[in-house]
Amino acid sequence: IGDIIRAVFKNRPLLLLIIADTFNNTCTFLVAAFAFYYFTYVIRNTAFLSVFILAFSIASLVGTLVAPGLGLKLGKRNAYRIFLALAACGFASSIVLARSAWSFTFIFCISGMFQYVASSMNTALYSDTVVYGEWKTGKNIRAFTMALLVLPIKVGLFFRSAIIAVGLIAIGFVANEDPTPEVVAGIRAIMTFAPAAACAIGAIIFSLGYKIEDKNVLLM
């Protein structure tokens, strides 16, 4: 156990990948959970929420399907950081471009597709950190490293709940009451900028800390 812990903390790309992936997962869970508030209090069309969830799920699936080809063409590292950054720009642009339920759904679907291209690189990126870790320390901890894939999911769920709770309190949201214009603006801002910020932070951390290129893996 001591060898495993030491090997993990000597593996800087792995640690920063976990952090970046945590923000990426936070974005995913935040969009899914906060969409209810957006369509109920901003769009004022709760029934359209089911359309949004279906469309976003389809876009995510499309992103997953095209990811392998993009990963081979651009490289896993480049694909992850580029498409996560594009997702951040897409989510943020909705505050200006989204004027209706359909336009909002369209922008978020494109952004979600970009995000899932990045997310689909995860397994291969974690696998590359195993190679890096064995090259650096001489110890292969593949089973433990791949098990760490679930850690960003758990932490991302926690961050999502914290962001929603703190955000709703900060804007003065009160359940079962007609929201004021300030509350509506706050819900719109959380739905737009929180996912964008999560993707942007994840892309920055990953770009600065994960330096393993495909050619490096072959050499190691």
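Contact here means heavy atoms within 4.5 Å. By that rule, and leaving aside neighbours within four places in sequence, Ser-103 is in contact with Leu-97 and Ala-98. Ser-103 lies in helix α5, where helices are DSSP runs of H or I with at least four residues, numbered from the N terminus.

Some background. This is a predicted model, in which local features need pLDDT of at least 70 and side-chain atom pairs count only at pLDDT 80 or more, while totals for chains, interfaces and linings use all residues. Residues are numbered from 1 along each chain as its sequence is written, and side-chain values use heavy atoms, with hydrogens and water left out.

Back to α5. Ser-103 has a relative accessible area of 21% and is partly exposed; buried means under 20%, exposed over 50%, and partly exposed in between, with a 1.4 Å probe and protein chains only. The buried residues of α5 include Phe-104, Ile-107, Phe-108 and Gly-112. Which helices do the buried residues of α5 pack against? They pack against α2, α3, α4 (76–97), α6 and α9 (181–209).

α5 has 19 residues and spans 26 Å from first C-alpha to last, close to the 27 Å expected at 1.5 Å a residue. That expected span is 1.5 Å times one less than the number of residues.

Now two helix pairs. Two packed helices are described by the angle between their axes and the distance between the axes. Axes are lines fitted to C-alpha atoms over the stretch in contact, and angles run from 0 to 180 degrees between N-to-C directions.

Helix α3 (residues 49–74) packs on helix α5 (residues 101–119) at about 30 degrees, with the axes 7 Å apart. That makes α3 roughly parallel to α5, since angles under 35 degrees count as roughly parallel and over 145 as roughly antiparallel. Among the residues making the contact are Phe-52, Phe-56 and Leu-70 of α3, with Trp-102, Met-113 and Tyr-116 of α5. By class, this contact has 16 nonpolar, 5 polar and no charged residues. Ala, Val, Leu, Ile, Met, Phe, Trp, Tyr, Cys and Pro count as nonpolar, Asp, Glu, Lys and Arg as charged, and the others, Gly among them, as polar.

The second pair is α2 (residues 12–42) and α6 (residues 122–137), whose axes come within 9 Å and cross at roughly 160 degrees. These helices are therefore roughly antiparallel to each other. In α2, Arg-12, Pro-13, Leu-14, Leu-17, Ile-18 and Asp-21 meet Asn-122, Leu-125, Tyr-126, Thr-129 and Tyr-132 in α6. Those residues divide into 7 nonpolar, 2 polar and 2 charged.

Key: Helices (H or I, at least four residues) and strands (E, at least two) are DSSP runs, numbered from the N terminus. Angles under 35 degrees count as roughly parallel, over 145 as roughly antiparallel, 65 to 115 as roughly perpendicular and the rest as oblique.
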